[in-house]
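Subject: Handing over a structure

Hi,

Here is the structure I promised to pass on to you.

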Amino acid sequence: MLLSTVAREQQARLTGTWKTIVRSVLMALGGSSKLDAIYEKLASAAPERLSANPHWREKVRQVLNSHAGLFKSEQRGVWALA
């Protein structure tokens, strides 16, 4: 059962939307994290997705800023789940 859950999460990270990927990374980081840690975790969680977009850091910031219902800025450079 645990293995199937992990496999589903990995598949979602690879094929999901940027919003889904950023949300799952933030959840894995405890719900709140500095932007640099989000980048680092995202780089290890979905490297295939990042290789397809050379401006992925900008995309992550765009997702965080444009989904106020899901994400909130706690302070400059620190994001959390809303």
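Helix H3, residues 35-45, lies across E1 and E3 and runs at about 95 degrees to E1. Helices here are DSSP runs of H or I with at least four residues, strands are runs of E with at least two, and both are numbered from the N terminus. Axes are lines fitted to C-alpha atoms, for helices over the stretch in contact, with angles from 0 to 180 degrees between N-to-C directions.

Before going further, please keep in mind that this is a predicted model: local features need pLDDT of at least 70 and side-chain atom pairs count only at pLDDT 80 or more, while totals for chains, interfaces and linings use all residues. Residues are numbered from 1 along each chain as its sequence is written, and side-chain values use heavy atoms, with hydrogens and water left out.

**The sheet**

Three strands make an open sheet in the order E1-E3-E2, with antiparallel pairing; two strands count as paired if DSSP finds at least two bridges between them. Strands E1 (32-34) and E2 (71-75) stand at the edges with a single partner strand each, so one side of each has no neighbour in the sheet. From one strand to the next, the twist averages 30 degrees.

E1 pairs with E3 (residues 78-81) over three bridges, and lysine 34 has valine 78 in E3 as its bridge partner. Helix H2 (residues 18-28) packs on the sheet and touches E1, E2 and E3, its direction making about 95 degrees with that of E3. Contact means heavy atoms within 4.5 Å.

Between E2 and E3 there are four bridges, and serine 73 stands opposite tryptophan 79 in E3. These two strands form a hairpin with two residues between them, and glycine 77 in the turn has a positive phi of about 85 degrees.

**How the helices pack**

H2 and H3 pack at an angle of about 110 degrees, with axes 10 Å apart. The pair is therefore roughly perpendicular; angles under 35 degrees count as roughly parallel, over 145 as roughly antiparallel, 65 to 115 as roughly perpendicular and the rest as oblique. On the H2 side the contact is made by Trp18, Ile21, Val22, Val25, Leu26 and Ala28, and on the H3 side by Ile38, Lys41, Leu42 and Ala45. Nine of these residues are nonpolar, none is polar and one is charged. Here Ala, Val, Leu, Ile, Met, Phe, Trp, Tyr, Cys and Pro count as nonpolar, Asp, Glu, Lys and Arg as charged, and the others, Gly among them, as polar.

H3 also packs with helix H5 (residues 56-66): their axes come within 11 Å and cross at roughly 120 degrees, which makes H3 oblique to H5. Leu35, Ile38, Tyr39 and Leu42 of H3 meet Trp56, Arg57, Val60, Arg61 and Leu64 of H5, a contact with seven nonpolar, no polar and two charged residues.

**The whole chain**

Overall, the protein chain has five helices and three strands, in the pattern α-α-β-α-α-α-β-β along the sequence. Its radius of gyration is 12 Å, which agrees with the value near 12 Å for a compact globule of 82 residues; the radius is taken over C-alpha atoms, and the globule rule is 2.2 Å times the number of residues to the power 0.38.

Happy browsing!
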